[in-house]
Amino acid sequence: MMKPLQISQLKSIYDMLSLKGKTAFVTGGAGGIGRSCAAALAEAGADVVLMDICGKEEALDANCREIEKRYGCRAEKVTGNVADEEDVERMIWETVDRFGRLDVVFSNAGIGGRDDNPSSMDLEEWNRVLDVNLTGMFLVDRIAANKMKELGNGGSIINTASMSGHIINKGSRKDMSQHMVAYSAAKAGVIQLTKSIAVSYVEDRIRCNSISPGMILSGLHDNMDMSALETYVENEVPMGRFASLDEIMGIVVFLASDLSSYATGSDFIIDGGVTIW
């Protein structure tokens with residue numbers, strides 16, 4: 001019968017946290033959460049591949065050079081569309097071809113809705129939001145997990161969901177778009193997708209978890225009414241403030257590392273307490 005470890009038998013948490021020798025693939029790498037978490041994975045020892053859409057090459061290049069300079073790792077970029085199966089296959093293949101392995105995938109790419117009012121949103125807009133936020137997540141997860149299975153080394157997949165996958169955002173009754181119907185539906189789907197991927201690949205030593213951030217100053221809100229967002233934060237977030245990007249990095253590195261080796265199919269909420277209610 002197995003016995004619990006004694007203190008002398010415990011592994012070092014610093015060794016378990018290390019990602020030295022591993023390769024991480026990060027989607028949405030030109031944006032705030034993507035670049036900050038890619039930097040954190042690099043600081044923990046990983047080489048990183050930052051992915052984003054065509055047109056974001058300049059931002060990707062800048063992020064890669066800064067990460068290499070600061071952490072002394074390899075950081076390279078790829079571009080494509082996470083909602084396009086051939087693009088995702090190509091980007092995962094390029095990552096493995098360049099680095100020889102794939103250990104961590106942070107599937108983070110996402111978009112907000114232009115018109116998220118269910119009474120007026122057309123089907124094209126609904127499909128646009130779900131294509132990137134849910135179908136794209138599925139394609140990245142499946143293709144990456146299959147490649148990890150082929151390589152035989154296991155791995156960790158981390159999906160970006162949202163507190164909006166747990167609740168319907170409060171907003172003005174006059175502006176129903178604040179309730180974010182397509183975005184919320186997609187992010188709720190990500191949480192369930194995560195569980196399905198987790199159980200489907202558990203025998204291959206591939207873990208899959210998700211994070212559900214709240215109000216983080218990440219760039220996603222740049223085109224929104226900041227005064228309305230500030231009012232929301234003041235009234236609805238128990239901590240009474242936005243989160244900063246360095247408050248999201250820790251959970252991603254934890255889920256990428258051996259410190260979370262018994263966690264799979266779980267969602268981790270980082271929302272300043274919003275979903276307490």
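1. Phenylalanine 254 has a relative accessible area of 28% and is therefore partly exposed (buried is under 20%, exposed over 50%, partly exposed in between, with a 1.4 Å probe and protein chains only). Phenylalanine 268, at 23%, is likewise partly exposed. The model is predicted, with local features needing pLDDT of at least 70, side-chain atom pairs pLDDT 80 or more, and totals for chains, interfaces and linings using all residues. Residues are numbered from 1 along each chain as its sequence is written, and side-chain values use heavy atoms, without hydrogens and water.

2. The count of aromatic pairs is 1 (rings of Phe, Tyr and Trp, the last by its six-membered ring, with centres within 6.5 Å; planes under 30 degrees apart are stacked, over 60 edge-to-face, the rest tilted). Phenylalanine 254 and phenylalanine 268 form this edge-to-face pair, at 6.5 Å between centres and 80° between planes. The pair joins helix 8 (residues 249-256) to strand 7 (residues 267-270), its members lying 14 residues apart (helices, H or I of at least four residues, and strands, E of at least two, are DSSP runs numbered from the N terminus).

3. Arginine 205 has a positive phi, near 60°. Most residues other than glycine have a negative phi. Arginine 205 lies in the loop between helix 6 (181-201) and strand 6 (206-213), and is exposed at 53% relative accessibility.

4. Glutamate 125 belongs to helix 5 (residues 123-151) and is buried, at 7% relative accessibility.
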